[in-house]
Amino acid sequence: MTAPVRVWARVLETRKASGDTFWIEVDCPSIAEQARPGQFVMLGTGLSDVAAPLLPRPFSIGAREADGRLGFLLRVFGAGTQRLSAVVPGDDLLVLGPLGRPFTLSPDRPIVCLAGGVGLAPFLFVGAEAKRDARDVRIVYGERTADRVFDPELIRRITGVEPDLRTEDGSLGRRGLVIDDLDLDDRPQLLACGPDPMLRACADLARRHDLPLQVSVEEHMGCGVGTCQGCVVLSSEGEWIKSCTEGPVFDARELAWRT
Amino acid sequence: MANLTQQLLGVTFQSPVLLASGTCGYGEEYASLIPLDEIGGLVTKAVSLEPRPGNPPHRVAETPGGMINAIGLQNVGLDRFRGEKLPWLRENLRSARVLINVVGHSAEDYEAVVSGLDSDEGFLGYEINVSCPNVKDGTLFGTDQQALAALVSGLRALTDRPLVVKLTPNVPDIGVYARICEEAGADGLSAINTFPGMLIDVEARRPVIGNVSGGVSGPAILPMGVYLTWRAAAAVSIPVIGIGGIRSGSDALQYILAGASLVQVGTALFVDPSAPVQVQAGIAEYMKRHDVARLADLVGALTIPGRE
Ligand SMILES: Cc1cc2nc3c(=O)[nH]c(=O)nc-3n(C[C@H](O)[C@H](O)[C@H](O)COP(=O)(O)OP(=O)(O)OC[C@H]3O[C@@H](n4cnc5c(N)ncnc54)[C@H](O)[C@@H]3O)c2cc1C
Ligand SMILES: Cc1cc2nc3c(=O)[nH]c(=O)nc-3n(C[C@H](O)[C@H](O)[C@H](O)COP(=O)(O)O)c2cc1C
Ligand code: FES
């Protein structure tokens, strides 16, 4: 287990990566050196920023560089992500991490990442690490429309992987969903992150093909470190379990899939 | 550094700043983030006789200046608390004080938890939670004067450890409830727990919180907390612990001047785990600037113009 730290991190670079998505890099060696793919951080602006939303927000670690940089892919949803998307180089962000249980990569199977929307974020880190270890890794990335697609050039640069892109309206990449027309003949390990209906469809797919699947789930969080019990999801045993410490990555069989 | 110690509940607190129940788990989760043994202490998550499953999600959401939660007192229950959680507190907190937050459905439940814990080591005393808005009957004891008196005197007969009662803000006159606790043998009071509230997702036309309603905490409730602390402290001679929306030394000093001997920091921990240390430093800086030697000199030191 890693021990999370709390640190002010200097914003080094921000760039608009699509209509409503930003790529933000911060200087954060103490978290970078411990981080593992699938883990997340809580990002906030601290106690004295009284104009900002109060609580920090959870974000997957999207990249970790040897020089101590962390990268985050941030999509604007509401007031919290709006505030965070407005940071500029030189600003400081309060970062708590690394948090949560990472993906467990199978030693022998190829890895197929199923990314729905901003659920792409953890797979940038997974892709880069797997590529570095010369693993067979594929990233299937879906968005509703072309204008939301995170810059494919940046995906290639961060991960070294050529993404298999899909849009629901076919305006970019293949038309369809991330679970459509997948080549699963090499019996890969599946990793998925995205909206709930997509995760349910992935769980269904994994069951039908008898493939191992890990999912990264999202739930509202208070503390991010396991104290408030705010972030629970229902386990297959019918218990409420904390997604910040026992997740956010779960084996799909550990969870009850509500419809 | 100013002398932040406070004498109460039969012991010395090295600082007046404690962590509030439900926001610091059982301490261990914050071990790498908060120098726990350098603050005044902490109050554990509520402990009930049986484990409680808690409420469905969403359990937390944000509201301007605060948050709303409906955890439903999910906790490991008395046996696992004694076996798994208390030993860690015993080993790791030497100078900081531990209060155990206790809940129950009935007086017998509360009594069973207190008797089950009383001979264990590793904590100072109890904070009796009669004020949780997020479970059925959660505020029953906190709003029924007879039931409250009976509960506190029943618990008093069971333990010689400090007994602090955590009051609900949802009563017309908190002073009445404060006095009932004092007369029934309580050693101190905590004021306050969260306010009931509700948020609606207008797009979905559904409540945001799985439990429909929840408890509101954070900076937004600070003025209510200060007011109720002031009212409670004026009604009794036992010490009061001020809680609600504290995120700075000056917030804490509002409670102290209103009559609180100690304070608790809750929601602010989520914003920044260094909040309790910042609050402590802020109080020390104030004492230095105002040349105050002992923190006790500030407790209730409010002056109201025209009423000196
Ligand atoms: C483990 C984890 C990793 C995540 N990684 C990323 C990422 O890499 N990039 C990214 O853009 N987003 C990510 N998210 C989602 C992101 O945290 C939410 O979009 C954000 O919290 C929304 O805040 P808001 O104030 O903009 O939205 P609002 O809807 O205004 O938020 C209101 C409240 O709901 C909560 N909330 C709303 N949506 C979510 C959600 N999807 N997940 C958790 N809490 C939510 C907020 O925390 C806040 O308390 C992740 C979420 C989790 C749980
Ligand atoms: C997530 C959460 C869980 C809580 N759980 C408890 C609890 O188990 N017992 C209790 O007495 N109070 C509980 N509280 C109330 C706090 O201890 C405190 O009284 C309240 O939050 C006001 O302080 P704050 O504004 O500093 O958070 C909880 C509060 C929050 C936010
Ligand atoms: S967010 Fe607090 S326990 Fe998970």
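**Exercise 1. Work out which classes of residue make up the shell around ligand 1, and which residues come nearest.**

Step 1. Start with the classes: the shell around ligand 1 holds eleven nonpolar, five polar and five charged residues. Here Ala, Val, Leu, Ile, Met, Phe, Trp, Tyr, Cys and Pro count as nonpolar, Asp, Glu, Lys and Arg as charged, and the others, Gly among them, as polar.

Before going on, a word on the model: it is predicted, so local features need pLDDT of at least 70 and side-chain atom pairs count only at pLDDT 80 or more, while totals for chains, interfaces and linings use all residues. Residues are numbered from 1 along each chain as its sequence is written, chains are lettered from A and ligands numbered from 1 in the order in which they are written, and side-chain values use heavy atoms, leaving out hydrogens and water.

Step 2. Now look for the neighbours (a residue is near a molecule if one of its heavy atoms lies within 4 Å of it). Among the 21 residues around ligand 1, the nearest are Pro58(A), Leu73(A), Arg75(A), Thr81(A) and Glu218(A).

**Exercise 2. Find where ligand 1 lies, and explain why.**

Step 1. Ligand 1 is found between chains A and B.

Step 2. Within chain A, domain 1 (5-99) and domain 2 (111-218) both give residues to the shell, so ligand 1 lies between them. The domain bounds come from an automatic or database domain assignment.

Step 3. Strand S4 (57-60), strand S6 (69-75) and helix H2 (79-85) of chain A each supply at least two shell residues. S4(A) gives the most, with four residues. Helices (H or I, at least four residues) and strands (E, at least two) are DSSP runs, numbered from the N terminus.

**Exercise 3. List N or O atoms of chain A that lie by oxygen atoms of ligand 1.**

Step 1. On the backbone, an N or O atom of Gly80(A) is 2.7 Å from a ligand oxygen atom.

Step 2. In the side chain of Thr81(A), an N or O atom is 2.4 Å from an oxygen atom of ligand 1.

**Exercise 4. Describe the surroundings of ligand 2.**

Step 1. Ligand 2 has 23 residues around it, the closest being Ser21(B), Lys166(B), Gly218(B), Gly245(B) and Thr267(B).

Step 2. By class, its shell has seven nonpolar, 14 polar and two charged residues.

Step 3. Ligand 2 also lies between chains A and B.

Step 4. For Gly245(B), a backbone N or O atom lies 2.6 Å from an oxygen atom of ligand 2.

Technical notes
A polar contact is a pair of N or O atoms within 3.5 Å; within protein, one must be able to donate a hydrogen and the other to accept it, and residues adjacent in sequence count only if both atoms are side-chain atoms.
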